[in-house]
Amino acid sequence: MSHAFYLWMSYGATAIVLVAEIVLLRMRRAHAMKLVEEEKDLEAQD
Amino acid sequence: MSAAAGSFGAGFAWAFRRDMRIAWRHPGETLLVIAFFIFVASLFPLGIGAEPELLRRIAPGVIWVCAVLAAFLSLPAMFATDYSDGSLEQMALSPHPMPGWVSGKILAHWVASGVPVIALSPLIGLQYGLTPDTLAVLAAALAIGTPVLSLLGAACTALALGARGGGVLLALLALPLFVPVLIFGAGAADAQASGLSPAPHLSLLGAGLIVAAVALPATVCLALRIALD
Amino acid sequence: MNINWYYFASPTTFYRLAGRIAPWAFVLAVITGAAGLYLGLVVAPTDAQQGEVYRVIFIHVPAAWMSMFLYFVMACYGALSLTFNTRLGAMMARSLAPTGAMFTFVSLWTGSFWGRPTWGTYWVWDARLTSELVLLFLYFGFIALANAFEDPRRGDRASALLALIGLVNLPIIYFSVLWWNTLHQGSSVSLRGTSMHVTMLWGMLAMAFSFWMYSVGTAFTRVRAIILERERRTRWVRGLVAGAHS
């Protein structure tokens, strides 16, 4: 295994994990917003 | 009528006697631990092959892993029944200071799960072909380390009382905390077997026991209060 | 001057503050990250013994530092939340955990891929690697425990206490290479000086700062989401969404 392989595996995995975290975070925020809207709709119905 | 002022010692003795009595009347739990310990320790030579040199080398690790698992499996019993039938709340309301009876419970757990392991370890060790001096160090390491396991386990059990995810959650919490004890405990016996001094390992274990005995009962109390609120 | 230290302790005010800081934190992260990568991959010279593969250090060491630092901050927030019974302290602790776990994983992964060509093995059960792995499980345990209860406050307090119990692991990780004869090399960077080439050092420090800013960004963004989830029944939160729609 050339040294390039180990470097790519390291930097590549880090990049993937960072991107994944950002993506999941955006999904979490969107989900939270949705929960707030549902709560608003519930209140509007009362 | 004013409640008699409770004391640490009285609460400790009461809880210890109570839990020991319960364990005595329902020996299933304790016997299960002992049986598990013996069976698993006996399974390894069957699975790996009875090559004496190999067995001698893995013995401290195997015995310690069994000790850890035995401590872990008997953890839920420490608080679960009392929590579900409400007696834990009653105990929390008693005039005895909480660290007292909590320590009594933890000691009872150790007597029911740790002491059998310590007592049986020379037998299992002989089965694996360990020399007497290694057996002695192993028993000493277990004697110092298993109370730490009981203390750490009590904290994890208290934190996870009534949680979703049950046993898996408890494993996730307790086993990482058990790992250093396992490493030093097995390391002590390994050192002795290799001709090195086990003193550093045993000292670290001892220091860990002191810190745990001082800090963890109060931590367990805090965790129980969080659970009972 | 009377400073109201508790001003930002309420989720309402902190929500806006975090919203203003997070983007700048990310911007700083990108800038210093680019600088660090440039220093590390272009400027820093080839290592005499390890060749090019040593450049993993520019990810591995900063990630390891962050894994420990974030756990420490998380435990501090936990202690604050237990002592002062604040909701926000617990929310901040929860926000840090996933990022901390991520950096712990990155540290272990990159360390593993650095170990294979240099030590000959992907893994060894020495003191530092084992305690870093324990740290990863401590993060997982924290996250699991925090989410294991119907009542989020119970989860807040239990996980805060767990974080404090696990704090003892940090000195073990940090001093392990000093206390034991381990395969992992000792520290080459200390407050007194360093033995490494200056561009390597600066590359590492730039990456560490970048990771730190990234963590601030993600933690503040995450806490905003948590605040929305937890406070969704309050008027000010519902007002936020109305504002977004109008």
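What share of the contacts in chain B with a separation of 6 or more comes from residues 24 or more positions apart? The share is 81%. Two residues are in contact if their C-beta atoms, placed from the backbone, lie within 7 Å.

This is a predicted model, in which local features need pLDDT of at least 70 and side-chain atom pairs count only at pLDDT 80 or more, while totals for chains, interfaces and linings use all residues. Residues are numbered from 1 along each chain as its sequence is written, and chains are lettered from A and ligands numbered from 1 in the order in which they are written.

**Chain B**

- Chain B has nine helices and zero strands. Helices (H or I, at least four residues) and strands (E, at least two) are DSSP runs, numbered from the N terminus.
- The radius of gyration of chain B, taken over C-alpha atoms, is 18 Å, close to the 17 Å from the globule rule for 229 residues, so chain B is as compact as a globular protein of that length. That rule is 2.2 Å times the number of residues to the power 0.38.
- Along the principal axes, the C-alpha atoms of chain B fill a box of roughly 70 × 30 × 30 Å.
- Of the 229 residues in chain B, 48% are buried. Buried means 20 or more other C-beta atoms within 10 Å of a residue's own, with C-beta atoms placed from the backbone.

**Contacts between chains**

- Chain A gives 20 residues to its contact with chain C, and chain C gives 28 residues. The chain A side has eleven nonpolar, three polar and six charged residues.
- Ala, Val, Leu, Ile, Met, Phe, Trp, Tyr, Cys and Pro count as nonpolar, Asp, Glu, Lys and Arg as charged, and the others, Gly among them, as polar.
- Between chains B and C, 17 residues of chain B touch 17 residues of chain C. On the chain B side, α8(B) gives the largest share, seven residues. That side has 14 nonpolar, two polar and one charged residues.

**Helix α5 of chain C**

- Twelve of its 15 residues are buried, so α5(C) is largely enclosed by the rest of the structure. Among them are C:R154, C:D156 and C:L161.

**C:M204**

- C:M204 lies in helix α7 (residues 198-230) of chain C.
- C:M204 is buried, with 25 other C-beta atoms within 10 Å.
- Not counting residues up to four places away in sequence, C:M204 touches C:I57, C:F58, C:V61 and C:P62.
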